[in-house]
Amino acid sequence: DFEVIKTAGQGSYGTVFKVKRKADGVIYAIKSLKIYKMDKKNMTNTLNEIRILCSIDHPYIVGYKEAFLDKSSNELNIVMEYVGGGDLSEKIKNCEKRKLYLNEKMIWRYFLQILQGLKCLHSMKIIHRDIKSANLFLSEDMETVKVGDLNIAKVAKDDLARTQIGTPYYLAPEVWNNEVYSYKCDIFSLGC
């Protein structure tokens with residue numbers, strides 16, 4: 001049902017493609033995952049991501065459309081909203097390379113949009129657990145940022161979690177110390 005336009009990203013278990021749906025020409029992103037390479041924990045995280053994504057509809061969180069299994073290639077495909085501006089990490093690296101600074105108004109706009117996305121997740125008792133610039137996706141016009149990659153997000157029991165998980169440079173102290181943590185760890189990571 002989809003025509004691949006280009007590869008948009010690569011991960012350890014699969015690839016993200018920019019695609020066009022043949023039926024109506026709408027552009028999407030498909031995260032194509034090689035499930036046969038996954039261990040049980042990564043498969044659980046992937047299914048968790050689908051479950052969480054399908055329960056969220058928010059302007060500052062990457063939108064979910066559908067998921068399907070391609071039996072011929074044994075790949076799980078997650079169809080999501082295409083956010084065509086790359087990720088915030090790429091934007092920062094491009095600015096560094098060109099010796100430019102991000103506009104302060106733009107930084108505050110992104111910060112507030114990310115906070116609104118996190119507020120939505122937290123109101124649903126979801127802790128993202130991996131907020132970093134590489135998981136924040138920009139619209140093609142660079143005006144909007146959306147929280148993405150909910151692969152290790154967790155629905156918190158009693159608003160708390162304990163598993164030590166995430167990207168080291170962005171981890172809150174309580175996560176590093178293997179202590180119980182809450183939604184506040186996402187805000188700490190955003191600050192980083």
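**Pockets, cores and cysteines**

Visitor: What volume does the second largest pocket have?
Guide: The second largest pocket has a volume of about 380 Å³, a volume being the space filled by probe spheres set on grid points joined across faces, edges and corners. A pocket is an open set of points on a 1 Å grid over the protein atoms alone where a 1.4 Å probe fits, with protein on both sides within 12 Å along at least five of seven lines; lining residues have an atom within 4 Å of a point.

Visitor: And what sort of model is this?
Guide: This is a predicted model, in which local features need pLDDT of at least 70 and side-chain atom pairs count only at pLDDT 80 or more, while totals for chains, interfaces and linings use all residues. Residues are numbered from 1 along each chain as its sequence is written, and side-chain values use heavy atoms, leaving out hydrogens and water.

Visitor: Back to the pockets. Which element gives the largest share of the lining of the second largest pocket?
Guide: Helix H3 (104-123) provides the largest share of that lining, 4 residues.

Visitor: What volume does the largest pocket have, and which residues are the closest to its centre?
Guide: The volume of the largest pocket is about 1,000 Å³. It is lined by 39 residues, of which Gly-9, Val-16, Lys-31, Phe-137 and Asp-149 are the closest to its centre. Elements that give two or more residues to this lining include strand S1 (2-10), strand S2 (14-21) and helix H1 (40-53). S1 gives the most, with 5 residues.

Visitor: Changing topic: how many residues does the largest nonpolar core have?
Guide: That core has 29 residues, and Ile-56, Ile-61, Ile-114, Leu-121, Val-147 and Leu-150 have the most contacts inside it. A nonpolar core joins buried Ala, Val, Leu, Ile, Met, Phe, Trp, Tyr and Cys residues through side-chain atoms within 4.5 Å; buried means under 20% relative accessible area, exposed over 50%, partly exposed in between (1.4 Å probe, protein chains only).

Visitor: Which element gives the most to it?
Guide: H3 does, with 6 residues. Apart from this core lies another, of 11 residues, among them Ile-127, Leu-171, Tyr-181 and Tyr-183.

Visitor: How many disulfides does the structure hold?
Guide: The structure holds 0 disulfides, that is, pairs of cysteine sulfur atoms within 2.5 Å.
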